[in-house]
Amino acid sequence: MKGCTINVNESQAAARTSGGGSGGAIDVTAEQLLMSTGGMITTSSSGAGRGGDITIVPSAAAPLSVSGGGTIEASRSGSGAAGRIRVGGTAKGDGTTAVASTTTLADGIQLRSNRSAIDVVSTEATTLKGVGVTATGDATTKGTIAVSGGRVSLGAVSGRTVLL
């Protein structure tokens, strides 16, 4: 999905795998992602294949805002690994890196990962306010949450592990 502002309103973008093959990735490039309650971006694996990654980045080194009551989730129920959730920055296939100058997650957004990682990054400031961030794990595969930026603000955030 690509655009300046993207609205996910009571709809779903999903990539799933149930066999041995890897699931597809979901890449969102926008300066603003608005999600309402019922809006969902999800990848999952219910077999031996790895679930796809979810990446949300700005089109350039611009501010990125993700808000609303929607859910962004990478999960697994089989033996395959869940995909990784990256918000604000990622390495691209051509070797370059896209990183938001500021990343803001607010107003009820839920980030959930089952036995994988959630990364929220920016170069200047990262703000999480009124957001649920959950990374679950088990005895063999840990779930992690990493939040980074020049300045990090956390308010009303839930999660298992936060690395600053």
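R50 is partly exposed, with a relative accessible area of 35%. I start there because R50 is a partner in a salt bridge: its side chain meets that of D53, at 2.8 Å from N to O. Keep in mind that this is a predicted model.

Is D53 buried or exposed? D53 has a relative accessible area of 18%, and buried means under 20%, so D53 counts as buried.

R86 itself is partly exposed, at 23% relative accessible area.

As background, side chains of opposite charge can pair when their charged atoms come close.

Next, D119 and R84. These two form a salt bridge as well, with the closest N and O atoms 2.5 Å apart. D119 is buried, at 14% relative accessible area. R84 is partly exposed, at 27%.

How many salt bridges does the structure hold? It holds 3. Through shared partners, R50, D53 and R86 are joined into one network.

That covers the charged side chains. On to the nonpolar ones.

The largest nonpolar core has 30 residues. Which of them touch the most other members? The answer is I41, I56, V66, I72, L105 and L111. By strand, the most comes from β15, residues 125-136, which gives 4 residues to this core.

Take I41 from that list, and look at its surroundings. Setting aside neighbours within four places in sequence, I41 is in contact with M1, A13, I26, V28, L33, M35, I54, T71, I72 and E73. One of these, I72, is also among the core residues that touch the most other members.

To go back over the main points: there are 3 salt bridges, R50, D53 and R86 share one network, and the largest nonpolar core holds 30 residues.

Methods: Residues are numbered from 1 along each chain as its sequence is written. This is a predicted model: local features need pLDDT of at least 70, side-chain atom pairs count only at pLDDT 80 or more; totals for chains, interfaces and linings use all residues. Side-chain values use heavy atoms; hydrogens and water are left out. A nonpolar core is a set of buried Ala, Val, Leu, Ile, Met, Phe, Trp, Tyr and Cys residues joined through side-chain atoms within 4.5 Å. Buried means under 20% relative accessible area, exposed over 50%, partly exposed in between (1.4 Å probe, protein chains only). Helices (H or I, at least four residues) and strands (E, at least two) are DSSP runs, numbered from the N terminus. Contact means heavy atoms within 4.5 Å. A salt bridge is a side-chain nitrogen of Lys or Arg within 4 Å of a carboxyl oxygen of Asp or Glu.
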